[in-house]
Amino acid sequence: MGSLIALRVYDFGQNDGIQNKGGSMGAVDLGINGGAIQYEVALEILGQERQPFMAALRAERAKAEPSSALVRYYEARLAALDELQDSLRTSDTAAVVQILDPKNKLFRS
């Protein structure tokens with residue numbers, strides 16, 4: 001079910017400052033709903049999941065003899081997260097639910 005955000009509509013008159021237009025508070029549907037918010041949170045979680053791999057990749061590359069296997073692994077995980085972020089849509093409800101599930105270790109470090 002979508003949420004509505006109530007906004008007070010004002011009329012800025014020439015001489016009277018701020019006046020409440022119509023004297024009542026109305027609800028304006030800004031198109032914000034639970035699904036869109038969950039989608040944005042899922043994208044944020046995916047972005048946060050990138051951080052440990054980015055740090056590990058930097059640390060591995062900084063070594064005198066970095067492991068090419070680990071570098072490839074970190075790069076592959078980052079590429080997979082990038083692909084998921086880029087292709088995820090608000091209509092991908094099942095995927096969003098999986099990403100939001102704190103018990104799903106596929107999306108949580």
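Ala, Val, Leu, Ile, Met, Phe, Trp, Tyr, Cys and Pro count here as nonpolar, Asp, Glu, Lys and Arg as charged, and the others, Gly among them, as polar. On that basis, the lining of the largest pocket comprises six nonpolar, one polar and four charged residues. The model is predicted: local features need pLDDT of at least 70, side-chain atom pairs count only at pLDDT 80 or more, and totals for chains, interfaces and linings use all residues. Residues are numbered from 1 along each chain as its sequence is written, and side-chain values use heavy atoms, with hydrogens and water left out.

**Largest pocket**

- The volume of the largest pocket is about 170 Å³, taken as the space filled by probe spheres set on grid points joined across faces, edges and corners.
- A pocket is an open set of points on a 1 Å grid over the protein atoms alone, where a 1.4 Å probe fits, with protein on both sides within 12 Å along at least five of seven lines; lining residues have an atom within 4 Å of a point.
- The lining includes E49, F53, R77, K105 and R108.
- Helix α2 gives the most to this lining, with four residues; helices are DSSP runs (H or I, at least four residues), numbered from the N terminus.

**Aromatic pairs**

- The whole structure holds two aromatic pairs, that is, Phe, Tyr or Trp (six-membered) rings with centres within 6.5 Å.
- The F53 and Y73 rings have centres 6.3 Å apart and planes at 70°, hence edge-to-face (over 60 degrees).
- This pair links helix α1, holding F53, with helix α2, holding Y73, 20 residues apart.
- Ring pairs join F53, Y73 and Y74 into a cluster.

**Accessibility**

- F53 is buried (under 20% relative accessible area) at 12%.

Methods:
Helices (H or I, at least four residues) and strands (E, at least two) are DSSP runs, numbered from the N terminus. Rings of Phe, Tyr and Trp (its six-membered ring) pair if their centres lie within 6.5 Å; planes under 30 degrees apart count as stacked, over 60 as edge-to-face and the rest as tilted. Buried means under 20% relative accessible area, exposed over 50%, partly exposed in between (1.4 Å probe, protein chains only).
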